[in-house]
Amino acid sequence: SNLFPAQSVMSSDGGSKKKCIFSKKSYKIENQATEINQVTPVKQSQTSSVTDKMPVTITDKNKTPYAFLGRSGLRVSNICLGTMTFGESQIFQAGQSDVDTSHKILNRFAEWGGNFVDTADAYGPYRSEEIIGQWLERQERDNFVIGTKCRADLGVAKNANNVGLSRRHITASIDGSLKRLHTDFVDVYQTHLWDSATPLEETLRTL
């Protein structure tokens with residue numbers, strides 16, 4: 001099945017219209033004078049994956065450069081790998097990256113010199129952190145900068161305090177993230193969303 005149902009998005013462009021046609025692994029844009037009601041899927045043979053075009057071996061001079069992360073003193077790759085789609089996430093579009101695909105992405109990112117990985121307890125939920133943890137325990141932990149987040153509603157139906165930026169939820173969230181990530185520390189811990197119910201001072205003192 002497709003990543004999401006084939007669909008067209010029409011927009012005006014100097015009198016002509018563009019139709020975006022999406023399929024499971026690729027998309028194409030066609031300039032069209034008139035709107036077409038029937039969408040034609042893109043054949044896999046019409047496109048080549050990005051990974052097919054990548055060099056097999058990456059030389060040091062081609063690897064990603066590093067920069068300081070704000071005033072933290074941490075040196076991170078200038079590309080941070082976002083992992084919201086890991087674990088066949090149900091967020092936005094379902095079924096994007098299973099465990100094997102996620103680990104291949106992480107391996108390739110590391111080969112290019114990437115060391116900064118971003119996740120959150122809400123991604124999956126929980127599955128993104130679990131998949132990264134399975135991969136991370138086979139790596140040299142100190143070579144990577146791991147960032148995760150808290151705040152999201154992760155089941156208030158079962159526990160009324162399982163949401164927000166209260167001291168209780170932050171401490172419970174970081175304990176869970178550390179277990180899933182198979183590590184005893186994270187390098188960057190972020191608040192995912194604003195919480196108007198909790199005073200900012202309470203959140204910052206806890207962090």
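Visitor: Between which helix and which strand does the loop with Thr 64 lie?
Guide: This is a predicted model. Thr 64 sits in a loop.

Visitor: Is Thr 64 buried or exposed?
Guide: Buried means under 20% relative accessible area. Thr 64 has 14% relative accessibility, so Thr 64 counts as buried.

Visitor: Which side chain makes a polar contact with the side chain of Thr 64?
Guide: Residues touching Thr 64, beyond four places away in sequence, include Ser 77, Asn 78 and Trp 112. One of these makes a side-chain polar contact with Thr 64, at 2.5 Å. That partner is Asn 78.

Visitor: Is Lys 149 buried or exposed?
Guide: Lys 149 belongs to strand 8 (residues 145-150). Its relative accessibility is 8%. The cut-off for buried is under 20%. Therefore Lys 149 counts as buried.

Visitor: Which backbone oxygen does the side chain of Lys 149 reach?
Guide: Contacts of Lys 149, leaving aside neighbours within four places in sequence, include Asp 118, Thr 119, Tyr 123 and His 192. A 3.2 Å polar contact joins the side chains of Lys 149 and Tyr 123. The backbone oxygen, reached at 2.9 Å, is that of Thr 119.

Visitor: What is the area of the nonpolar surface patch that includes Leu 204?
Guide: Leu 204 is in helix 5 (residues 200-206). Leu 204 counts as exposed because its relative accessibility is 52%. Trp 194, Leu 200 and Leu 207 make the patch together with Leu 204. Its area is about 470 Å².

Key. Residues numbered from 1 in each chain as written. Predicted model: local features only at pLDDT ≥ 70, side-chain atom pairs only at ≥ 80, totals over all residues. Heavy atoms only, no water. Patch = residues over 30% accessible without salt bridge, like charges linked within 9 Å, V, L, I, M, F, W, Y side chains within 5 Å. Areas by Shrake-Rupley, 256 points an atom, 1.4 Å probe, with all protein chains shown as cover. Salt bridge = Lys/Arg side-chain N within 4 Å of Asp/Glu carboxyl O. Helix = DSSP H or I, 4+ residues; strand = E, 2+ residues; numbered from the N terminus. Buried < 20%, exposed > 50% of the residue type's maximum accessible area, 1.4 Å probe, protein only. Polar contact = N/O pair within 3.5 Å; in protein donor to acceptor, adjacent residues only side chain to side chain. Contact = heavy atoms within 4.5 Å.
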